[in-house]
Amino acid sequence: MVSSDRSPERSRPEISAPRAPATRRIWSVEAANVDSSRTGSTEALLAMIQCWREAGTMDTASVGFDTELHEARMREAGYTVIDGFLDSGALETFREALAPYRGTHRGRNDFEGFNTERIYTLVARGRIFETIATDPRLMALIGRFLQPNFLLSASHAISLNPGETAQDIHSDDGFYRQRRPRPPIGISVIGAIDDFTRANGATEIVPGSHLWGEPGDPGRPNDLAEMEAMLVPMEIPAGAALVFCGTLLHRGGANVTDRPRLAFTNQYCEPWARPQENFWLAVPREQVREMSPCAQSLLGYEIAPPFLGMVSASHPAKTLEPGWMPPVVAQRP
Ligand SMILES: O=C(O)CCC(=O)C(=O)O
């Protein structure tokens, strides 16, 4: 299910990640046959802009994943649940890979959760986490909402520990201050590593709220109590994944049990939006070089058409080539 191309010799990523419907086109520097000596020129950039090729497609139906159905649910209710997203083996691998990082970070405010442990930049902390973040089913589904070459915005494990209180109701792309109602700028995934129950803090969502306008707009409750009454706890089993629009109102619930509730969240954003986590700085390039093309793209080593994300007028994947030096250094007089 997950790309295994990790050849360090590969100089530019194949833009074949299954992240857009077949009708979409993904721009490719590679297809533009741009050589490094020309990449500094406006002419080269214009040549790149004109060069497009078909997006890769993923036959998700052959693995029993109905992308259309999940897309329809998300458009209507703002969320969907992928049952059995992780099997028991993957859950075990997840726990084992996370174990060395447990106890390294505790929430510093009510939103992170004073009784919640979050392990950030999860995507780069083990192969299993990269595999999950680049899962083709997610890529296909998210590609229905976000533009080609969308980015990973946040990636962390969440251990909601006993005594944690409910979060404020929020939407995950609310920090992009664009008037609602609007299409989502982000898509969030919350995966259950433990069973989610009402008592252990299952994520609570307000179905349909992704379509609401701003506070005070018609059709949106202003009263917090009224909104809280609309919350539905996502009591999903371990291995299931909740996928929802960044505009959907939700919160982490309160954990009134004596055991932690372990989960992960991967959030994705439009390729023109600023990701929450600055992965360029957080993940060493030597490590990115060893990641799959899809992961590299999600971390920003790809360009959003026409050339957002370029590095001194070159493709950002060039920075992964052995011996690459920033032009501001290499060309310093
Ligand atoms: O842990 C959860 O169930 C939800 C977490 C959440 O919504 C967040 O941290 O933004």
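Trainee: What makes β3 and strand β9 (residues 241-245) a pair?

Mentor: Two strands pair if DSSP finds at least two bridges between them. Strands β3 and β9 are joined by four bridges in the antiparallel sense, so they meet that definition. One of the contributing positions is Y79, whose bridge partner in β9 is F244. Before we continue, note that this is a predicted model, in which local features need pLDDT of at least 70 and side-chain atom pairs count only at pLDDT 80 or more, while totals for chains, interfaces and linings use all residues. Residues are numbered from 1 along each chain as its sequence is written.

Trainee: What makes a segment a helix or a strand, and how many of each does the protein chain have?

Mentor: Both are DSSP runs numbered from the N terminus: helices are H or I runs of at least four residues, and strands are E runs of at least two. On that basis the protein chain has 11 helices and 11 strands.

Trainee: In what order do the strands of the sheet with β3 stand, and why are β3 and β4 described as edges?

Mentor: The order is β3-β9-β6-β11-β5-β4, an open sheet of six strands with antiparallel pairing. Strands β3 (79-82) and β4 (116-119) each have a single partner strand, so one side of each lacks a neighbour in the sheet. With direction ignored, neighbouring strands here are turned by 20° against each other on average. Such angles run from 0 to 180 degrees between N-to-C directions, with axes fitted to C-alpha atoms and, for helices, over the stretch in contact.

Trainee: Which helix lies across β3 and β9, and at what angle to β3?

Mentor: Helix α3 (residues 67-77) lies across both strands and runs at about 145° to β3.

Trainee: What makes the order of the three-stranded sheet place β8 and β10 at the edges?

Mentor: That open sheet reads β8-β7-β10, with antiparallel pairing. Strands β8 (232-233) and β10 (250-251) have a single partner strand each, so one side of each is left without a neighbour in the sheet. Strand β7 (residues 204-205) and β8 pair over two bridges, and E204 stands opposite P233 in β8.

Trainee: Why is strand β11 (residues 261-269) called largely enclosed?

Mentor: A residue is buried if 20 or more other C-beta atoms, placed from the backbone, lie within 10 Å of its own, exposed if 12 or fewer, and partly exposed in between. Nine of the nine residues of β11 are buried, so the strand is largely enclosed by the rest of the structure. Residues R261, A263, T265, Q267 and C269 point one way, and L262, F264, N266 and Y268 the other.

Trainee: Which residues surround the ligand, and how do they divide by class?

Mentor: The shell consists of I158, L160, Q167, D172, I190, T203, H250, G252 and A263. The shell divides into four nonpolar, four polar and one charged. Ala, Val, Leu, Ile, Met, Phe, Trp, Tyr, Cys and Pro count as nonpolar, Asp, Glu, Lys and Arg as charged, and the others, Gly among them, as polar.

How values were computed: Contact = placed C-beta atoms within 7 Å. Near = placed C-beta within 6 Å.
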